[in-house]
Amino acid sequence: MAHSKPLMKKSSPSDGASEAVASGLRTLDAEASGIAATTAALQGPLGPAFAAAVELMQRAKGRVIVTGLGKSGHVARKIAATLASTGTPAFFVHAAEASHGDLGMITSDDVIIALSWSGEQPEMKNLVNYSKRFAIPMIAVTSNAASPLGEAAEIVLELPKAREACPHNLAPTTSSLMLLALGDCLAIALLEGRGFTSVDFSVLHPGGKLGAMLKYIRDLMHVDQAVPLRPLGTPMSDALFEMTSKGFGCVGIVDARGLLVGIVTDGDLRRHMGPDLMSALVDNVMTKSPKTVGRGTLASEALEMLNSSKVTALMVTDAGRPVGIVHIHDLLRAGVA
């Protein structure tokens with residue numbers, strides 16, 4: 001007699017997907033709780049220490065040395081990069097490599113930020129001793145102010161205890177995010193304290209998408225004979241020829257003093273379409289007081305104006321006089337959009 005096998009319920013792909021989404025949501029919930037706890041701490045007992053840490057780094061004659069091990073080390077490397085890119089000279093030193101010669105990278109003018117969730121890594125000992133020997137101020141970022149690292153530091157940024165997103169409460173997840181978030185808080189507080197501007201930012205970010213967005217309109221605009229312009233009183237037939245020949249889909253209108261007083265666009269043509277359009281004067285068709293930008297406008301700001309105004313080109317003016325034109329295609333070619 002044949003034995004039948006028990007029926008096994010197979011999980012469908014949708015079941016697996018829903019389980020994965022549920023897991024992701026639990027992770028986000030756990031990590032959001034960690035950020036909320038950090039916010040509450042910064043509004044309370046962590047606040048004075050945070051302010052003191054920012055002041056210490058602002059006063060430093062040297063650089064900010066960020067150090068850590070394991071996952072904290074990865075976070076420390078990112079914090080150092082964020083500090084450096086926002087106007088605070090900084091770099092990462094691996095806490096273990098410090099004992100093998102990298103202590104020579106740290107000078108008495110520097111400030112050390114040491115990241116360790118437990119504050120008890122023995123590999124930190126030589127770096128801690130070095131900071132004491134040469135009176136190099138140390139800021140500890142940890143969840144345990146009573147740890148060896150916390151006890152050795154001049155300033156302790158004690159983060160609240162939080163459960164990891166890992167179901168076993170072991171893999172650094174929530175804790176890593178909290179360390180990273182506090183590092184971002186320090187970097188932005190220093191940025192704002194130094195008055196670090198978008199112009200300063202552009203000096204440190206000449207490449208990639210950020211570099212493109214921080215270019216100036218003067219570097220992208222068309223000038224001289226390429227700018228489509230016609231004076232008040234011009235018949236629309238002449239204005240249309242200017243629009244077509246210059247290829248920007250618009251023509252700027254200037255008064256007798258050379259000031260930009262209007263613009264005729266493709267949209268204006270559609271709104272005034274009729275048998276008498278070509279014989280009409282630009283004065284009666286143009287959009288008055290058009291949006292303009294200056295030579296020193298950042299490309300990112302110009303892109304925002306184009307998008308918000310739903311136009312494709314902007315006249316560039318200097319004291320009210322047109323000196324150039326920039327099209328959204330210019331921004332695309334430069335990598336801004």
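## Main nonpolar core

The largest nonpolar core has 32 residues, with Val-66, Ile-113, Leu-115, Ile-139 and Leu-157 making the most contacts inside it. Such a core is a set of buried Ala, Val, Leu, Ile, Met, Phe, Trp, Tyr and Cys residues joined through side-chain atoms within 4.5 Å. Buried means under 20% relative accessible area (1.4 Å probe, protein chains only), exposed over 50%, partly exposed in between. At least two core residues come from each of several elements, including α2 (46-59), β1 (64-68), α3 (70-85) and α7 (174-194). Helix α2 gives the largest share, seven residues. Helices (H or I, at least four residues) and strands (E, at least two) are DSSP runs, numbered from the N terminus.

Val-66 touches Ile-79, Leu-83, Phe-92 and Ile-113, among others, leaving aside residues up to four places away in sequence. Contact means heavy atoms within 4.5 Å. Another core, of 19 residues, lies apart; Ile-106 and Met-124 are among its members.

## Model basis

This is a predicted model: local features need pLDDT of at least 70, side-chain atom pairs pLDDT 80 or more, while totals for chains, interfaces and linings use all residues. Residues are numbered from 1 along each chain as its sequence is written, and side-chain values use heavy atoms, without hydrogens and water.

## Asp-268

Asp-268 sits in helix α11 (residues 266-271). Asp-268 counts as buried because its relative accessibility is 2%. Its side chain makes a polar contact (here, N or O atoms within 3.5 Å, one able to donate a hydrogen and the other to accept it) with the side chain of Arg-271, at 2.6 Å.

## Whole chain

The protein chain has 13 helices and twelve strands. Of its 337 residues, 41% count as buried.
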